[in-house]
Amino acid sequence: MRDLDITKFTFKSFRILKKRLGEFDAVVECNEIAIREFTEQVKNSNDLKKYIQDLSLKHKVRVNEVDLLKFSSRIRQFYILSVTQQGEQFLEEFETEFKEYFPAKDWQPRNSSETLLENILINVYGNKIIGIQNITEGVFEGYEYYRLIRNRVAHSENYNIAKIKNKHQEAIRHLIDLQTKYHLNGGLNEYTKIDYSDFLLITNIIKNIGYVLCQSATPDNQQIAKILLSLKNKKGNHIVSGILKIKNNENRFKSAIFSLLRTNFGRISSKDKEEILQEVTRLLA
């Protein structure tokens, strides 16, 4: 039986990422149903052009004809753009949060030859090679491939075609491992053949990167206690200020601190919660 009483510390940036991805998942899933239903109806129609024209008149959207392959592929390319953009936003927010948690650590600025992910790995793990080993090479190459897909969708159909093809060849070597890891079929398709499986794969890759970074950058219990006491709400007040009045009620104060830990740092083991509580009490003395 799996031990659930373990610490799985998460940065706020990661919890926000998961919330955003979850909301986008629902949109994509409904959109995918609509694409498949429309495609099926089009293929079953006797007169493709007339079917499209009738729908155009019905919904008052001017469409004369449609290339079904480009239609579905293009929409799914936008899935990749949106999800990967959320991944890049998470990395930026993670960097900010990491610097707040570890102010004494020097952060190496990103140079022009580094991607954002590479710079994060260098700063969290000391060098890129060790960072890639931690998130795994397949996850790294998969993320970088979809990042290039995003750039091409956002900029131009001719954007870095050769670079994308080369990165695809590097990433595809890890496809079976990634499919096994995430229990998926498909993924890592060529640019013009991007489909729903690519959306599922990049979503899992980004979540995986976020989770591993959180575990690798988990502060010790003394740091967590200090961070908890420094956290402020939207009004600028320290979040612990509201429970200081029950500080002398041991059970209520303990329950309140544990609740704050769960809300702000994810899953914390019983042992770690007790150690953090002791440190919080000491700092408040």
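Which side chains meet in a salt bridge at 2.7 Å, N to O? The side chains of K19 and E23 do. This is a predicted model: local features need pLDDT of at least 70, side-chain atom pairs count only at pLDDT 80 or more, and totals for chains, interfaces and linings use all residues. Residues are numbered from 1 along each chain as its sequence is written, and side-chain values use heavy atoms, with hydrogens and water left out.

**View 1. The whole chain.** The chain has twelve helices and two strands. Helices (H or I, at least four residues) and strands (E, at least two) are DSSP runs, numbered from the N terminus. In sequence order the pattern is β-α-α-α-α-α-α-α-α-α-α-α-β-α. The radius of gyration, taken over C-alpha atoms, is 24 Å. That is well over the 19 Å of the globule rule for 285 residues, so the chain is more spread out than a compact globule. The rule is 2.2 Å times the number of residues to the power 0.38. Along the principal axes, the C-alpha atoms fill a box of roughly 80 × 45 × 40 Å.

View 2. Helix α1 covers residues 12–44. Its 33 residues should span 48 Å at 1.5 Å a residue, and its end C-alpha atoms are 48 Å apart, which agrees. The expected span is 1.5 Å times one less than the number of residues. Buried residues of α1 include F14, L17, L21 and F24. Buried means under 20% relative accessible area, exposed over 50%, partly exposed in between (1.4 Å probe, protein chains only). K19 and E23 lie four residues apart in α1, about one turn of the helix. K19 is exposed at 54%; E23 is partly exposed at 45%. A salt bridge puts a side-chain nitrogen of Lys or Arg within 4 Å of a carboxyl oxygen of Asp or Glu. R36 and E32 form another, with closest N and O atoms 3.1 Å apart. E32 is buried at 3% relative accessibility, whereas R36 is partly exposed at 48%. E32, R36 and R76 are linked in a network of salt bridges.

**View 3. The E95–K99 pair in helix α3.** E95 and K99 form a salt bridge, with closest N and O atoms 2.8 Å apart. They are four residues apart in α3 (residues 68–101), about one helical turn. E95 is buried at 16%; K99 is partly exposed at 37%.

**View 4. The largest nonpolar core.** This core has 74 residues. Among those with the most contacts inside it are F94, Y146 and L261. Helix α9 (residues 196–216) gives the largest share, ten residues. A nonpolar core is a set of buried Ala, Val, Leu, Ile, Met, Phe, Trp, Tyr and Cys residues joined through side-chain atoms within 4.5 Å.
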